[in-house]
Structures are given as structure tokens and as C-alpha cells.
Amino acid sequence: MVRNFILYILGIVCFASSCNYQNEEELFPSTTCDTEAMSLASDITPILTNYGCLSCHSTVSNQGSIALENYDDLKEWSDNGILLKSMRHDGALAMPQNQAKMNACDIEKVAAWITDGSLNN
Ligand code: HEC
């Protein structure tokens with residue numbers, strides 16, 4: 001009787017675990033970050049918009065006298081290295097101001113765009 005009960009429990013456990021649905025994406029979350037051929041218009045500007053950089057650093061609000069909305073300004077802060085330092089919270093004022101650090105992949109995308117010459121592309 002006890003043995004039947006154990007078999008019964010084992011059966012339920014096996015059945016339940018076989019029904020456990022796991023897809024590949026959940027088991028092996030993608031860790032790749034696509035930084036190929038970054039474009040200012042389709043990759044970088046949307047990132048700056050998402051983190052609110054362009055609200056404080058628009059031509060109108062111009063906080064800290066920095067208008068990242070302006071390509072020439074953005075290029076200057078990219079070239080002097082401070083843009084990336086501020087995003088990485090390493091060696092410059094931490095940005096976005098009073099907010100959590102940006103997602104690592106987004107920072108890498110900006111870094112790749114800068115490495116490619118911070119083009120107005
Ligand atoms: C809430 C408004 C606000 C947001 C959002 C914001 N900034 Fe700033 N940022 C400022 C202000 C204000 C300063 C100037 C602070 C000072 O000089 O004390 C500044 C300074 C900077 C500087 C100069 C840093 C230095 O060390 O001199 C950079 C570069 C910069 N911001 C980039 C960014 C980027 C990139 C984002 C988005 C990831 C961002 N900011 C989001 C308000 C903001």
C-alpha cells in the first residue's frame with residue numbers, strides 16, 4: 001500500500017515535470033548586444049530620447065549649456081570623452097541626472113557609434 005502510494009506520488013512528479021514548459025530563450029537568455037553599424041538617427045537619438053537626455057539637453061532647455069539635440073554639441077561631448085564617462089558614471093557627472101545608470105547594452109551602442117567616428121548618420 002505504502003509502495004503504491006510512493007509510485008503514485010512519483011508518477012505525479014514525473015508527469016508534472018514533463019509538462020514544465022521552458023523555451024530556449026528562457027533557459028539561455030540572449031546576452032548579445034548588437035553594436036554593428038550604429039546610426040545616429042535610428043539607434044543613438046532614440047536611446048538619448050528614452051533616457052530623457054534630450055529633454056534636459058535640448059536646444060531650448062540647454063541644461064549645463066549642453067544641447068545634445070544639436071549634432072555639433074553631441075559630437076563635441078563625444079569627442080572629448082565626457083559623454084561616455086557620464087553614461088558610465090566614471091570620471092564625469094553621472095547621467096542621466098538623478099536617475100539609474102543606463103542599460104549596459106545601450107551604453108555600448110553609444111560607445112560603438114563614437115568609435116565609428118560619431119557620424120551624423
Ligand atoms: C534632469 C535633467 C537631466 C537629464 C535627464 C540628463 N542631464 Fe545631463 N546634465 C544635466 C545638468 C543640469 C548638467 C550640468 C550639471 C552641472 O554642471 O553641475 C548635465 C551635465 C551633463 C554632461 C556634462 C558632464 C560633465 O561632467 O561635465 C553630460 C555629458 C551630460 N549631462 C549628458 C547627459 C546624457 C547623455 C543624458 C542621458 C543619458 C543626460 N545628460 C541626462 C541635466 C540632465
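1. A residue is termed buried if 20 or more other C-beta atoms lie within 10 Å of its own, exposed if 12 or fewer do, and partly exposed in between, with C-beta atoms placed from the backbone. The model is predicted: local features need pLDDT of at least 70 and side-chain atom pairs count only at pLDDT 80 or more, whereas totals for chains, interfaces and linings use all residues. Residue numbers start from 1 along each chain as its sequence is written.

2. The protein chain contains seven helices and zero strands; helices (H or I, at least four residues) and strands (E, at least two) are DSSP runs, numbered from the N terminus. Of its 121 residues, 18% count as buried.

3. In helix α3 (residues 40-50), the buried residues are Ile44, Ile47 and Leu48. Viewed down the axis of α3, its buried residues fall within an arc of 100° (taken from the directions from the helix axis to the C-beta atoms), so they line one face of the helix. Exposed Ala41, Ser42 and Thr49 sit on the face of α3 turned away from that buried side.

4. The buried residues of α3 pack against α4 and α7 (104-115). Glycine 52, which follows α3, has a positive phi, near 75°.

5. Around the ligand there are 19 residues, of which Cys53, Cys56, Gly64, Ala92 and Met95 come nearest; a residue is near if its C-beta atom, placed from the backbone, lies within 6 Å. Helices α4 (53-56) and α6 (82-88) each supply at least two residues of this shell, and α6 gives the most, with four.

Notes
Two residues are in contact if their C-beta atoms, placed from the backbone, lie within 7 Å.
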